[in-house]
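Please open the model in your viewer and keep the selection panel at hand.

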Amino acid sequence: FARMFVQVCLYFYCKCLWRCLKFVVRKLTGQCELQRICYNTKPGAARTMKIEASLKGSKSKRLQTSVNVHPDAIEKTIDDIMELKRINPDINPQLGVSLQACLLQIVGYRNLIAEVEKLRREPYDSENPQHEEMLLKLWKCLKPNSPLKARISKQWCEIGFQGDDPKTDFRGMGLLGLYNLVYFAEWDTEIAQQVLTDSLHPKYREVTKKELSQLSKAEWEKKKFDKAIGYSFAIVGINITDLAYNLLVSGALKTHFYNVAPEAPTLTHFQQTFCYLMHEFHKFWIDEDPLDIMEFNRVREKFYKRILRQLQNPEMALCPHFAASESLINM
């Protein structure tokens, strides 16, 4: 109880102290916090995240709710903020432009979460012609020279599904998993096919004498023929979709999207980020050189933590130009 009482006192003390400091700084500089952020912080995640924190932490309800407005209401919201803060837009024309860009990103990120969540919750329906068309497109992009003999077929295992009907594998991520896989296969076709080939046929690996002395006979038999054990391409793609989804809803991807999307981030930004994560996970998997597929969760968790660390840098952009990684082609 004493510890909780002290924490509560510290919270209110710091909160009151912070408001007093803001008041003093405004009197000294003649600028409100929003002005200081926009004028002293370069565009991107650093500025937008500070603006977002400032608006959410404001004692004014109008400012707090400004991060939740409809995109069409952003211009009016900017006018309300300028009026509330007693800022003359004629003297500070750039402030309105900067605030608008930040609010577009903030509101866009929230709307992107809603759009992604809707896709995740929609189950794959084999009776839906559009769903079936997307699934067949995935096959054609990945295996253009191998016609699918039947809709229900063991051939689906060749691209990493678990059974002869892929619809059962989409349960965890719904249509979102299929959307991402199709996007990767259609727009990054060469690399998607490269990753698929590597997942099916791991590269030969020379084991050094030092490694050999540290391996048991069973481990040697498992490791002597491959650089990294293969994995199920489609299942890993759905798993990486889950990873990207968690990064999005946790807010971790704000750093990336606020740095690469000049306005509102879209589903395309999310799908391009998925492509990047697939590229990077593939390389990470090979570098980790797991003993068997049972190590997948360990490798995935380690990869997830590495991405989180990268996103803690306010200047981080995972894939600045949303271009496919060329390094995989040379691996």
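Which residues form one aromatic cluster? Select Y231, F281, F284, W285, F296 and F303: together they make up that cluster. Please note from the outset that this is a predicted model.

**The aromatic pairs**

Aromatic pairs number 15 in this structure. Begin with F161 and F170, whose rings lie 5.6 Å apart from centre to centre, with 65° between their planes, an edge-to-face pair. Both F161 and F170 are buried.

**Along helix α14**

Keep helix α14, residues 267–288, on display. Within it, select E280 and K283, which form a salt bridge with their closest N and O atoms 3.0 Å apart. The two residues are 3 positions apart in the helix, so that about one helical turn separates K283 from E280. An α-helix has 3.6 residues a turn, so residues three or four places apart point the same way. Are the two partners buried or exposed? K283 is buried, at 18% relative accessibility, and E280 is buried as well, at 12%.

Now select E288, E295, R298 and K302. These four residues are linked in a network of salt bridges. The count of salt bridges for the structure is 17.

**The end of helix α6**

Move to helix α6, which covers residues 93–121. Which residue here forms a salt bridge with R120? The partner is E117: the side chains of E117 and R120 meet at 2.8 Å, N to O. Both lie in α6, 3 residues apart, or about one turn of the helix. E117 forms a salt bridge with R121 also, the closest N and O atoms being 2.7 Å apart. R121 and E117 are 4 residues apart in α6, and about one helical turn therefore lies between them.

E117 is buried, with a relative accessible area of 16%. R120 is partly exposed, at 21%, and R121 is exposed, at 62%.

**Helix α9 and its cover**

Select helix α9, residues 189–200. Which residues of α9 are buried? They are I191, A192, V195, L196, D198 and S199. These residues cover an arc of only 165° around the axis, which means that they lie on the same side of α9.

**The whole chain**

Zoom out to the complete protein chain. Its secondary structure comprises 15 helices and 0 strands. Of its 331 residues, 45% are buried. Among contacts with a separation of 6 or more, 68% are between residues 24 or more positions apart.

**Confidence**

Finally, colour the model by pLDDT. The mean for the protein chain is 85, and 82% of the residues score at least 70. Where is confidence lowest, and where is it highest? It is lowest in helix α11, residues 217–223, with a mean of 58, and highest in helix α12, residues 233–249, with 97.

Two further selections deserve a look. Over residues 23–28 the pLDDT stays under 50, and the model gives this stretch 6 contacts beyond four places in sequence. Over residues 323–331 the pLDDT is also below 50, and this stretch has 19 contacts in the model beyond near neighbours in sequence. Where pLDDT is low, the predicted coordinates should not be read in detail.

Methods: Residues numbered from 1 in each chain as written. Predicted model: local features only at pLDDT ≥ 70, side-chain atom pairs only at ≥ 80, totals over all residues. Heavy atoms only, no water. Buried < 20%, exposed > 50% of the residue type's maximum accessible area, 1.4 Å probe, protein only. pLDDT = per-residue confidence, 0-100. Contact = heavy atoms within 4.5 Å. Phe/Tyr/Trp six-rings, centres within 6.5 Å; stacked < 30°, edge-to-face > 60°. Expected span 1.5 Å × (residues − 1). Arc of directions from axis to C-beta.
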